[in-house]
Amino acid sequence: MFVIAALFVLFLLYGVSIYNRLVKLRNLVQEAWSSIDVMLKKRHDLIPNLVETVKGYATHERETLDSVTRARTQAVGADSVQAKEAAEKNLNQAMMNLFAVAEQYPDLKANTNFQQLQSELTSIENDIEKSRRYYNGTVRENNTLVESFPSNMVANMYKFEKSPFFELQNIADREVPTVKF
């Protein structure tokens, strides 16, 4: 009888340990996603300043400037990982078009404010990439624990679910946009 009770206690402690690890990983995934959100917000806040700077030099490039503004609005409004992926893809494309327009204006490229904004954007892009890697790493650990035996039994019992990875669909989009002036 004592052996059965000891095995039951060990099994119970093991289940509690798995549960606590699942909770920890779920919180890490949420924290990692929050970091991505903070970086994306910084990026979204920087873009209007960049657009205004370019607007002063490239007044007849209205369509490109409007597309950046629309893409930014969609990116700010996206609320799920999949929606953020799609919105950020569109925003990256719009930003590449904006920098292509800027290439045509030597005075703009020499503008100190524009150079500072470009430098900040590059720094933020690097931070976003780091945050994406951290997020995807925590998602991988979480998903592995949720799917692996015997932790999957505890995960199913307490309704822990797999988290989505933050990935770009197009291989060419996987790189941080390069801006050449």
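Biologist: What pLDDT does the protein average?

Modeller: This is a predicted model, and the protein averages a pLDDT of 86. Of the residues, 91% score at least 70.

Biologist: Where is confidence lowest, and where is it highest?

Modeller: Helix H4, residues 106-110, has the lowest confidence, with a mean of 72. The highest is in helix H6, residues 151-157, at 93.

Biologist: OK, on to the fold. How many helices and strands are there?

Modeller: The protein has six helices and zero strands. Read from the N terminus, the order of elements is α-α-α-α-α-α.

Biologist: What radius of gyration does the protein have, against a compact globule?

Modeller: The protein has 23 Å, while a compact globule of 181 residues would have a value near 16 Å. Along the principal axes, the C-alpha atoms fill a box of roughly 85 × 25 × 25 Å.

Biologist: How much of the protein is buried?

Modeller: 37% of the 181 residues count as buried.

Biologist: Which residues make the nonpolar surface patch?

Modeller: Phe2, Val3, Leu7, Phe8, Val9, Leu10, Leu12, Leu13 and Val16 make a patch of about 960 Å².

Biologist: Take Leu10 from that list. Where does Leu10 sit, and why is Leu10 classed as exposed?

Modeller: Leu10 is in helix H1, residues 2-57. Leu10 is classed as exposed because its relative accessible area is 55%, and the cut-off for exposed is over 50%.

Biologist: What about Tyr19, which element is it in?

Modeller: Tyr19 is in helix H1 too. Its relative accessibility is 31%, so Tyr19 counts as partly exposed.

Biologist: Which residues is Tyr19 in contact with, leaving aside neighbours within four places in sequence?

Modeller: Those are Val154, Tyr158 and Phe160.

Notes. Residues numbered from 1 in each chain as written. Predicted model: local features only at pLDDT ≥ 70, side-chain atom pairs only at ≥ 80, totals over all residues. Heavy atoms only, no water. Patch = residues over 30% accessible without salt bridge, like charges linked within 9 Å, V, L, I, M, F, W, Y side chains within 5 Å. Areas by Shrake-Rupley, 256 points an atom, 1.4 Å probe, with all protein chains shown as cover. Salt bridge = Lys/Arg side-chain N within 4 Å of Asp/Glu carboxyl O. Helix = DSSP H or I, 4+ residues; strand = E, 2+ residues; numbered from the N terminus. Buried < 20%, exposed > 50% of the residue type's maximum accessible area, 1.4 Å probe, protein only. Rg over C-alpha atoms; globule rule 2.2 N^0.38 Å. Contact = heavy atoms within 4.5 Å. pLDDT = per-residue confidence, 0-100.
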